[in-house]
Amino acid sequence: PNMFANVKITSRPATGIVAIPREALIPSGEGYRVVKVTEENHYKPVKVEVGIKTASAVQILKGLEAGEKVVLSGQFLIDSESNLQASFQRMSQ
């Protein structure tokens, strides 16, 4: 008690990290997902494992590779449509 210390923490910038903007992340009951752009006008929801989160970005540990594109705006609509289409397919089988 009543003790103080001056601490200086230094580190090197991390390399090889995959990070996405925080608004691209979709929380779900089973973890997190993002909507990945597979080709022009084609999208796929992908489960991801997240690491460190900042105010503007999220580290992706598993589920995405560097250079892959994700949807930043309207992903909830695409994800909802994807779930709806999957439900219709299950009903018709």
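This is a chat about one predicted model of a protein chain.

Colleague: I'm new to this one, so what helices and strands does the protein chain have?

Modeller: In this predicted model, the protein chain has one helix and five strands, and from the N terminus on the elements run β-β-β-β-β-α.

Colleague: OK, how many bridges join E3 to E4?

Modeller: Strand E3, residues 31–39, is joined to E4 by seven bridges, and the two run antiparallel. One of the pairs there is glutamate 39 with its bridge partner histidine 42 in E4. The hairpin of E3 and E4 has two residues between the strands, and asparagine 41 in that hairpin takes a positive phi near 65°.

Colleague: How many bridges are there between E4 and E5?

Modeller: E4 and E5 pair in the antiparallel sense over three bridges, and they form a hairpin with three residues between them. Lysine 53 has valine 58 in E5 as its bridge partner, while glutamate 49 stands opposite lysine 62 in E5.

Colleague: And how many bridges join E1 to E5?

Modeller: Four bridges join E1 to E5, and these strands run antiparallel as well. Proline 21 stands opposite alanine 57 in E5, and alanine 19 has glutamine 59 in E5 as its bridge partner.

Colleague: Let's stay with glutamine 59 then: is it buried or exposed?

Modeller: Glutamine 59, which lies in strand E5, counts as buried because its relative accessibility is 17%, and the cut-off for buried is under 20%.

Colleague: What does glutamine 59 touch?

Modeller: Not counting residues up to four places away in sequence, glutamine 59 touches Ile17, Val18, Ala19, Glu49, Val50, Gly51 and Ile52.

Colleague: Ile52 is on that list, so is isoleucine 52 buried or exposed?

Modeller: Isoleucine 52 is found in strand E4, and it counts as exposed because its relative accessibility is 60%, where exposed means over 50%. Leaving aside neighbours within four places in sequence, isoleucine 52 is in contact with Ala57, Val58 and Gln59.

Colleague: How far apart are isoleucine 52 and alanine 19?

Modeller: Isoleucine 52 and alanine 19 are 33 residues apart in sequence, and the C-alpha to C-alpha separation in space is 9.2 Å.

Colleague: Changing topic, which residues make up the largest nonpolar core?

Modeller: The largest nonpolar core has twelve residues, namely Val18, Ile20, Ala24, Leu25, Val34, Val46, Val48, Val50, Val58, Ile60, Leu64 and Val70. Strand E1 (18–21), strand E4 (42–53) and strand E5 (57–62) are the elements that give two or more residues to this core, and E4 gives the most, with three residues. As background, nonpolar side chains tend to be buried together in soluble globular proteins.

Colleague: Which residues is leucine 64 in contact with?

Modeller: Leucine 64 is in contact with Val18, Ile20, Val34, Lys36, Val48 and Val70, once its neighbours within four places in sequence are left aside.

Colleague: One more residue: what is the phi of asparagine 2?

Modeller: Asparagine 2 has a positive phi of about 60° although it is not a glycine. For context, most residues other than glycine have a negative phi. Asparagine 2 lies in the segment before E1, and it is exposed because its relative accessible area is 77%, with exposed meaning over 50%.

Colleague: To finish with the whole chain, what share of residues is buried?

Modeller: Buried residues make up 22% of the 93 residues in the protein chain. The accessible surface of the protein chain comes to about 7600 Å², of which 53% belongs to carbon and sulfur atoms.

Colleague: And what share of the contacts joins residues at least 24 apart?

Modeller: Among contacts in the protein chain between residues at least 6 apart in sequence, 51% join residues at least 24 apart.

Key. Residues are numbered from 1 along each chain as its sequence is written. This is a predicted model: local features need pLDDT of at least 70, side-chain atom pairs count only at pLDDT 80 or more; totals for chains, interfaces and linings use all residues. Side-chain values use heavy atoms; hydrogens and water are left out. A nonpolar core is a set of buried Ala, Val, Leu, Ile, Met, Phe, Trp, Tyr and Cys residues joined through side-chain atoms within 4.5 Å. Buried means under 20% relative accessible area, exposed over 50%, partly exposed in between (1.4 Å probe, protein chains only). Contact means heavy atoms within 4.5 Å. Two strands pair if DSSP finds at least two bridges between them. Accessible areas come from the Shrake-Rupley method with a 1.4 Å probe; for residues, only the protein chains shown count as cover.
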